[in-house]
Amino acid sequence: MKRTDNQLLAVTHLSQLLYYFIGIGGFILPLILWLVKKDSVINMDKHGKAILNFQISIFLYALISVPLIFLFGFGLIALFAIVIMSLILPIVNAVNSSNGKAPYYPFSLHIIN
């Protein structure tokens with residue numbers, strides 16, 4: 001039986017911030033939480049997929065922007081925007097999910113459906 005757990009959804013969004021402390025943990029912990037709880041928590045499947053799509057998108061955007069550093073420094077601007085987005089959007093989505101709202105990550109590629 002599925003149950004509502006908005007606090008767990010918020011923690012799942014905030015777990016992305018582990019990138020700033022231990023690196024790859026910002027992808028691993030949301031992945032584990034999604035895999036374990038997607039069948040028992042309402043909306044965990046939707047939120048988990050949104051988080052993983054966002055993390056994959058951020059990684060791909062960072063890979064693309066690194067070579068662009070050598071083209072007029074455009075890559076530095078892109079990397080700065082990526083860092084800001086990866087810091088702010090998980091917090092905004094954590095607050096929204098604790099209020100029962102759907103996740104929204106702009107510029108996120110929909111790789112996992």
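This report walks through the helices of a predicted model and a few of its residues.

## Ground rules and confidence

Residues are numbered from 1 along each chain as its sequence is written, and side-chain values use heavy atoms, with hydrogens and water left out. As this is a predicted model, local features need pLDDT of at least 70 and side-chain atom pairs count only at pLDDT 80 or more, while totals for chains, interfaces and linings use all residues.

The chain averages a pLDDT (the predictor's confidence in each residue, from 0 to 100) of 92, and 100% of the residues score at least 70. Confidence is lowest in helix 2 (residues 19–22), with a mean of 86. It is highest in helix 5 (residues 74–98), at 95. Helices here are DSSP runs (H or I, at least four residues), numbered from the N terminus.

## Helix 3 against helix 4

Let's start with helix 3 (residues 25–37) and helix 4 (residues 44–68), whose axes come within 9 Å and cross at roughly 155°. Axes are lines fitted to C-alpha atoms, for helices over the stretch in contact, and angles run from 0 to 180 degrees between N-to-C directions. So helix 3 and helix 4 are roughly antiparallel to each other, the word used for angles over 145 degrees. The crossing of helix 3 past helix 4 is left-handed, meaning that the near helix is turned anticlockwise from the far one by less than a right angle.

On the helix 3 side, the contact (heavy atoms within 4.5 Å) is made by G26, F27, P30, L31, L33, W34 and K37. Helix 4 brings M44, D45, G48, K49, I51, L52, Q55 and I56. Sorted by class, that gives nine nonpolar, three polar and three charged residues. In this scheme Ala, Val, Leu, Ile, Met, Phe, Trp, Tyr, Cys and Pro are nonpolar, Asp, Glu, Lys and Arg are charged, and the others, Gly among them, are polar.

## Helix 5 and its two partners

Helix 4 and helix 5 have axes that come within 8 Å and cross at roughly 170°, so these helices are roughly antiparallel to each other. From helix 4, H47, F54, I58, Y61, A62, S65 and L68 take part; they meet F74, G75, A78, L79, I82, M85, S86, L89, P90 and S97 in helix 5. By class this contact has 12 nonpolar, five polar and no charged residues.

Helix 1 (residues 6–14) also meets helix 5, with axes that come within 8 Å and cross at roughly 175°; helix 1 and helix 5 are therefore roughly antiparallel to each other. Here N6, L9, A10, H13 and L14 of helix 1 meet P90, I91, N93, A94, S97 and S98 of helix 5. The class count is six nonpolar, five polar and no charged residues.

In helix 1, L8, L9, A10, T12 and H13 are buried (under 20% relative accessible area, with a 1.4 Å probe and protein chains only). The buried residues of this helix pack against helix 3, helix 4 and helix 5. T12 counts as buried because its relative accessibility is 1%. Leaving aside residues up to four places away in sequence, T12 touches P30, L33, M44 and I51. T12 and P90 are 78 residues apart in sequence, yet their C-alpha atoms are 9.0 Å apart in space.

Over in helix 4, F54 is also at 1% relative accessibility and so counts as buried. Beyond residues up to four places away in sequence, F54 touches Q16, M85, S86, L89, P90, Y105 and S108.

## Loops and ends

Most residues other than glycine have a negative phi. N43, in the loop between helix 3 and helix 4, has a positive phi of about 70° although it is not a glycine. F107, in the segment after helix 5, has a positive phi of about 65° and is not a glycine either. With a relative accessible area of 60%, F107 is exposed.

At the other end, R3 lies in the segment before helix 1 and counts as partly exposed at 38% relative accessibility. R3 touches K37, S40, V41 and I42, not counting residues up to four places away in sequence.

Terms used
Helices (H or I, at least four residues) and strands (E, at least two) are DSSP runs, numbered from the N terminus. Angles under 35 degrees count as roughly parallel, over 145 as roughly antiparallel, 65 to 115 as roughly perpendicular and the rest as oblique. Buried means under 20% relative accessible area, exposed over 50%, partly exposed in between (1.4 Å probe, protein chains only).
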